[in-house]
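The following questions and answers concern the fold and packing of a single chain. Please examine the sequence and the model before reading on.

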Amino acid sequence: MSLLRHLLAVLTGALIGLASVTVHREFFPGGLLLALATTFGVVWWLLRSPWPRTAASFALGWLVVLGVVLSGRPEGDYAIAADLPGYALLASSLVLVVAALVAVAGRRGSDRRPS
């Protein structure tokens, strides 16, 4: 069951990452704000769920999509331009990495009961 949770979190992260890349330039700044609010809203919810490490799986799916998109296309164009919305999306990926690290290391000692 745990593996299924993580697979669903990776899939959800990939879908939201793809949607974020798609809308981050639309009706600026509304699309970027929608992308970031959705991304970090899900991360916030997962960090407070009974399984906070699934937030790291979500971040993995989101970051894999971003990495694939950043690799470019054979035609030489990119989905993320070198402008304010593009840089904001890239900066948010760094915040997402920090959130994933917090998710992995966060509740390590809280599961232990005092003897």
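Q: Is Ser 57 buried or exposed in this predicted model?
A: Ser 57 belongs to helix α3, which covers residues 54-70. A residue counts as buried under 20% relative accessible area. The relative accessibility of Ser 57 is 11%, so this residue is buried.

Q: What distance separates the C-alpha atoms of Ser 57 and Val 42?
A: Along the chain, Ser 57 and Val 42 are 15 residues apart. Their C-alpha atoms are separated by 12 Å.

Q: How are α2 and α3 oriented to each other, roughly parallel or roughly antiparallel?
A: Two packed helices are described by the angle between their axes and the distance between the axes. The axes of α2 and α3 come within 8 Å and cross at roughly 155°. Angles over 145 degrees count as roughly antiparallel. The relation of α2 to α3 is therefore roughly antiparallel.

Q: Which residues of α3 make the contact with α2?
A: On the α2 side, the contact involves Thr 39, Val 42, Val 43, Leu 46 and Leu 47. Their counterparts on α3 are Thr 54, Ala 55, Phe 58 and Trp 62.

Q: How are α2 and α4 oriented, roughly parallel or roughly antiparallel?
A: Helix α2 spans residues 30-47 and helix α4 spans residues 84-105; their axes lie 11 Å apart at an angle of about 0°. Angles under 35 degrees count as roughly parallel. The orientation of α2 to α4 is therefore roughly parallel.

Q: Which residues of α2 make the contact with α4?
A: From α4, the contact draws on Pro 85, Ala 88, Leu 89, Ser 92, Val 95, Leu 96, Ala 99 and Ala 103. From α2, the contributors are Leu 32, Leu 36, Thr 39, Phe 40, Val 43 and Leu 47.

Q: What is the relative accessible area of Gly 31?
A: Gly 31 is found in helix α2. Apart from residues up to four places away in sequence, Gly 31 touches Val 23, His 24 and Glu 26. Gly 31 is buried, and its relative accessible area is 0%.

Q: How many helices does the chain have?
A: The order of elements from the N terminus is α-α-α-α. The chain has zero strands, and its helices number four.

Q: What percentage of the 115 residues in the chain is buried?
A: The chain exposes about 7300 Å², of which carbon and sulfur atoms supply 70%. Of the 115 residues, the buried share is 33%.

Q: How far apart do the centres of the positive and negative side chains lie?
A: The chain has 9 positive and 5 negative side chains. The distance between the centres of the two sets is 23 Å.

Key. Residues numbered from 1 in each chain as written. Predicted model: local features only at pLDDT ≥ 70, side-chain atom pairs only at ≥ 80, totals over all residues. Heavy atoms only, no water. Helix = DSSP H or I, 4+ residues; strand = E, 2+ residues; numbered from the N terminus. Buried < 20%, exposed > 50% of the residue type's maximum accessible area, 1.4 Å probe, protein only. Areas by Shrake-Rupley, 256 points an atom, 1.4 Å probe, with all protein chains shown as cover. Lys, Arg positive; Asp, Glu negative; His and termini not counted. Charge placed at Lys NZ, Arg CZ, Asp CG, Glu CD. Axes fitted to C-alpha atoms, helices over the stretch in contact; angles between N-to-C directions. Parallel < 35°, antiparallel > 145°, perpendicular 65-115°, else oblique. Contact = heavy atoms within 4.5 Å.
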